[in-house]
Amino acid sequence: MKKAFHIPAVPLIACDPYFSVWSFSDRLYEDDPRHWTGHRKSMKGILRVDGRAYRFMGSGNGETVNQISLEITPTSSIYTFEAGGIELEVRFTTPLLLTDLELTSRPCSYVSLSVRSMDGRAHEASLLWEVDAEFCFHGEENKSDKAEESAVENTGNKGGGKGGNKEEFPAIYGGVHHVEGIEAAWMGRTRQSILSHSGDDITIDWGYAYLAVPDQEGSRVMYTNSGTADSFRERGSFEASETGRPVLAACLSFGEVGVERVSRLIALAYDDVASVMYFGQPLRGYWTKNGKNILDVLAESIRSWQGISKSCETFDKELTSAAGKLAGEEYAFIVSLAYRQSIAAHKLVAGPEGEVLFLSKECFSNGCIGTVDVSYPSVPLFLLYNTELIKGMLRPIFRFAGMPVWEYEFAPHDVGRYPYANGQVYGLSTATGKKGKQWRAGNGEVYPPYWLFPGGSGIYSLEHQMPVEECANMLIMTAAVAIVDGSAAFAEENSGLLHKWAQYLVKYGLDPGNQLCTDDFAGHLAHNVNLSAKAVMGVASWSVLCRMMGKDKEAGEFMQRAGEMAESWATSAVEEDHTRLAFDTENSWSMKYNLVWDVLFGTELFDRAIIDREIKWYRCKLNRYGLPLDSRKSYSKTDWILWCAAMADTAEDLSALIHPIFLFLQESKSRVPFSDWYDTQSGDHIQFRNRTVQGGLFMPLLRQSGKCSVPFPLS
């Protein structure tokens, strides 16, 4: 889809929660690229045609190109520009192909650049690409960095140098590697504290940025701590950087360009050195599992670009074709924009035993790592492509739930705050200190190692937990994985906890007490009808797992109990033409998105007529930008809208629920990465952005695939 110039934000680099760069403007040259938080991560792009310079990326002075089109595919964002008789195509690609975990985990993203003559005449063309030192530290301004840079200038040490006096070193240091057919410029802070902070509205402050090109005629890279490289300027090609900050720069010559397209390649990478702290053990990216270093990966990435590019194009066509056939071009665009975001809001690392760990960051919510009720809405995407990633989400929760400090009979909410998996931080009690107030680490601070606390510490407040929510989430996700895999082996490893959580739901799930659910921004709610439906499906999920583990008697008992709960639910929840928000609240309603698992699994615990009436009711309640979450407010969640849409049996109903989300993307004035929480009347986003929950937008495709249908009799 090339016609959507206005979307809230365009993904440029999408590797992980820290190496994530977006354009927040309609045209790539109207503003500097930014991290998903909004912090500037400047890149500049200058095209020179027949001696005349045109800016195509980043803010600045001088003449700009004309942006002709923008196309978003699942793995790429493709800009097309025109200037001086030349067409320039800039293709940003992050190859997140989920069947290849090593490739998906690489901290590498590509920019493919190609030019051709549009007027039939030959033109001399070259291009400059700059990456600012902002990539290497948190915040747009860093006073200590500036002070050190001034000290360097005073000593005349422009290139770093050696010596014992700390003022001889710039705050940012870098250079160029020539290895295995590539040139790779690099830079990073001279003083580094690895894993130095945790938080939400925060970017990385350690590690090294890389800008690499194939070692070939016409392609060069350089690091300089004072703007665009002197040698580039001496060649008369480009002006100096306007900021004067350290940059990585690539100078690409296309030579004389005619009607045939001429292409060049850039690879951008970020080596974070250590990715997460996992219960006291620092872990690196999954890509390091077999001993590779960043230069190995850069060389391999550039060497294999042609094959990777073709694989990405094939995948993009397959996904957009499937989405388009199911629900039209608008749905294809929605899942294309959601795809990279949903994956890159995680960090894929190798665990202590080499196991897959896929740790989410709860972006612009509270920064938690491995949040259960963030994983739950995201799983449709990963059920479609690789269940190992869902196991990677669940493993940390199972591990923490078995530790002495977690004393509850229900499942935890999270395992820490990104990038520290130090134990749950949601709902901490006054026992943690701060003079009787609930203790909360400030942005940039690190929580203590709660996983080490002994039983009886009492550090978690029951009031702020999500007992029914998280138990059902863990059971449903584990059952879905087992069904898709055709094996309950992963569930058997954790059967003790799963059984305990299923028993909790039998006891407390049908009529939940006054507690939070995943939509915790709406506050506590007793007798929550949608949460009760989730509990029913949690009990049914345990029955499915028992059947797959050969525990037929227990499977029958739990499925019978799930059926009894569903019958009781219908008696109390259903009004004439819809279901209530809470069992005791008349003339109310809410989205019953949790019923989708009854449809997917084929358990048929809930009368299909109830679901059909719900879909009809939802269509009557649509606002311009979507279906409200419930009768209390006009805000909504995109993931839950698409879960409801997935239950529809007609293309008309499906499209009716999808179209308002497409309008939101086209018309919202909020300039943030694809928000899942926004007002359905104004189109204004509400806090959340760049969250992995947008994997839930793939739920209609998951239903169509039939992958989650239970392949054996359930009675």
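1. Axes here are lines fitted to C-alpha atoms over the stretch in contact, and angles run from 0 to 180 degrees between N-to-C directions. Helices are DSSP runs (H or I, at least four residues) and strands are E runs of at least two, numbered from the N terminus.

2. A caveat before going on: this is a predicted model, where local features need pLDDT of at least 70 and side-chain atom pairs count only at pLDDT 80 or more, while totals for chains, interfaces and linings use all residues. Residues are numbered from 1 along each chain as its sequence is written, and side-chain values use heavy atoms, with hydrogens and water left out.

3. Back to that helix pair: H499, A502, Q503, L505 and V506 of helix 11 meet E554, F558, R561 and M565 of helix 13, contact being heavy atoms within 4.5 Å. By class, the residues of this contact are five nonpolar, two polar and two charged.

4. Helix 8 (residues 387-401) and helix 9 (residues 467-485) cross at roughly 145°, and their axes come within 10 Å. On the helix 8 side the contact includes I390, L394 and F398, and on the helix 9 side M474, M477 and V481 are among the partners. Eight nonpolar, two polar and two charged residues make up this contact.

5. Now the core. The largest nonpolar core has 235 residues, and M43, F56, W129, L298, W597 and F601 have the most contacts inside it. Such a core is a set of buried Ala, Val, Leu, Ile, Met, Phe, Trp, Tyr and Cys residues joined through side-chain atoms within 4.5 Å; buried is under 20% relative accessible area, exposed over 50%, partly exposed in between (1.4 Å probe, protein chains only). A second, separate core of seven residues includes A9, W36, A345 and C363.

6. Helix 16 (residues 638-646) is worth a look: nine of its nine residues are buried, so this helix is largely enclosed by the rest of the structure. Among them are W640 and W643.

7. Some backbone spots to check. The Y418 to P419 peptide bond is cis, with omega near 0°. Two residues other than glycine have positive phi: E180, near 45°, and F364, about 50°. E180 is partly exposed at 47% relative accessible area, whereas F364 counts as buried at 15%.

Key
Ala, Val, Leu, Ile, Met, Phe, Trp, Tyr, Cys and Pro count as nonpolar, Asp, Glu, Lys and Arg as charged, and the others, Gly among them, as polar.
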